[in-house]
Amino acid sequence: MLVFHITGKCNLNCKYCYASPYDAINLEDEKVRQLLSDALHLGTKHVILSGGEPFLHPEIHSLMKYANNIGLKIHITSNGTLIDDTNAEFLKSLDAMVTISLDGSCAEINDPIRGEGSYKSAINAIKELTNAKVPTSMRMTLIKDNLHDVKNYIRLALDKDVDRCIIERVTAIDEIPQSKEFEPSYSDLYETFKLMSNYKTDLNIGSNDPLWLLFNEDIIKKHAKSDHICGGCTAGVASITINPNLKVTPCPRLPVTAGDLNESSFKDIWFNSEVLQELRNRDLFKGCSNCSYKYICGGCRGAAYAHGSYLGNDPQCWRIKE
C-alpha cells in the first residue's frame, strides 16, 4: 500500500490535522506518474491518493486514470467537498474506493472540528457516491470532542448504507502542540472499540488502528503463535507514504523521514532505510517486545512517536497501562 499525498492544498482546516504543516503545493503530474510506476515495480498493489484534498490537484483525473491503467487499485481519501455526480461517476468508471472524512453524526459535532458546512458537504458526497455505487467508507477521527457521539455515528453509517464505517483515534504531532489535548485516554479507546465490536454483525465496522485487532478473535486464534509480523501496524512493513515535498515517511501519522526522493530512489529507501528496518523488528518496540500479540498488533508507532520515540510505548495501549 502506497499512501500518496499528491497535494498539500486543502479547503478545510481541521483542528487536529497532521497534514497542516505541508507546503500548499501540487506535485507535478509527471513526477507522480514516475513514482506510481516505481511503486508498482516494488510490489505495490494499492494506492491511496490523498492530500491535502486530492481533488484540488488539477490533474487528479488523469493521475487516477494512469494508476488504473498500470494496474493499481485506487483508493481516495477526501473531505467530500468537491465530489459531485460527475466525479462520482468517474470514480465508478475506475472501480475506485473512496473514504469520506466525517467526524460527527451531525453538523453541531462535526463542523466545530472540521469547518463550517463540512458536514453537509460530506453527506452530499456520500449520497452521490452511494447512488453511483462507488464503494464508500465513512471515517471518524476519534478525539475527546466526539467520543460521546460514537453510537450515533454508527447509526448514521447504517442509515447511509455505506460499505464500511471506520473509527480511529487521533494521532498527536509535535508541529501542533495542542494536539495532545485531543487524544482520548486508553480507557476511552478500549470502550470505543468494545462498543464498535457489538455492531460487527450489522455493519462492516472497523479501524486501521493496530489495537483494534485485539477485538478480532479469529485473527488472534489464527496468528497468536506466529513468529513473524502478520498484522497490526503497517508502517514501513506493508505500507509507506510519499509527501508533497517528496520526503518519504513510514506512515502519514509518523512524521519521521525514512528517505528523500529528491536524493534517493524509491527502491533504495524501501530496502535500505534504517528507520524502516527498525519498524520491521518488533523486538525493538518498548512495551511490545514481550507481548504475545506483538506480531498481530505492535501498537501505533505514530502515537508512540508523539510521546517520545517511534520505538516506545503506544500511549493508549490498555495492556501496557493495566
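Biologist: Among contacts between residues at least 6 apart in sequence, what share join residues at least 24 apart?

Modeller: A contact means heavy atoms within 4.5 Å. Here 66% of those contacts join residues at least 24 apart. A word on the source: this is a predicted model, where local features need pLDDT of at least 70, side-chain atom pairs count only at pLDDT 80 or more, and totals for chains, interfaces and linings use all residues. Residues are numbered from 1 along each chain as its sequence is written, and side-chain values use heavy atoms, with hydrogens and water left out.

Biologist: How many helices and strands are there?

Modeller: Both are DSSP runs, numbered from the N terminus: helices are H or I, at least four residues, and strands are E, at least two. The protein has twelve helices and ten strands. Its radius of gyration is 19 Å, close to the 20 Å from the globule rule for 322 residues, so the protein is as compact as a globular protein of that length. That radius is taken over C-alpha atoms, and the rule is 2.2 Å times the number of residues to the power 0.38.

Biologist: What percentage of the residues is buried?

Modeller: Buried means under 20% relative accessible area, exposed over 50%, and partly exposed in between (1.4 Å probe, protein chains only). Buried residues are 53% of the 322.

Biologist: Which residues touch the most other members of the largest nonpolar core?

Modeller: A nonpolar core is a set of buried Ala, Val, Leu, Ile, Met, Phe, Trp, Tyr and Cys residues joined through side-chain atoms within 4.5 Å. The largest has 79 residues, and Phe4 and Met64 touch the most other members. Helix 5 (residues 118-131) gives the most to this core, six residues. Apart from it lies another core, of seven residues, including Cys14, Tyr16, Val170 and Phe182. Beyond its neighbours within four places in sequence, Met64 contacts Leu49, Phe55, Ile74, Ile76, Phe90, Leu91 and Leu94.

Biologist: Is Thr77 buried or exposed?

Modeller: Thr77 is buried, at a relative accessible area of 14%. Thr77 sits in strand 3 (residues 73-78). Leaving out residues up to four places away in sequence, Thr77 touches Ile48, Leu49, Ser50, Pro54, Thr99, Ser101 and Arg139.

Biologist: Where does Tyr305 lie?

Modeller: Tyr305 is in helix 11 (residues 301-306). Tyr305 is partly exposed, with a relative accessible area of 25%. Not counting residues up to four places away in sequence, Tyr305 touches Asp174, Leu254, Pro255, Val256 and Tyr310. The C-alpha atoms of Tyr305 and Ser185 are separated by 16 Å, while the two residues are 120 apart along the chain.
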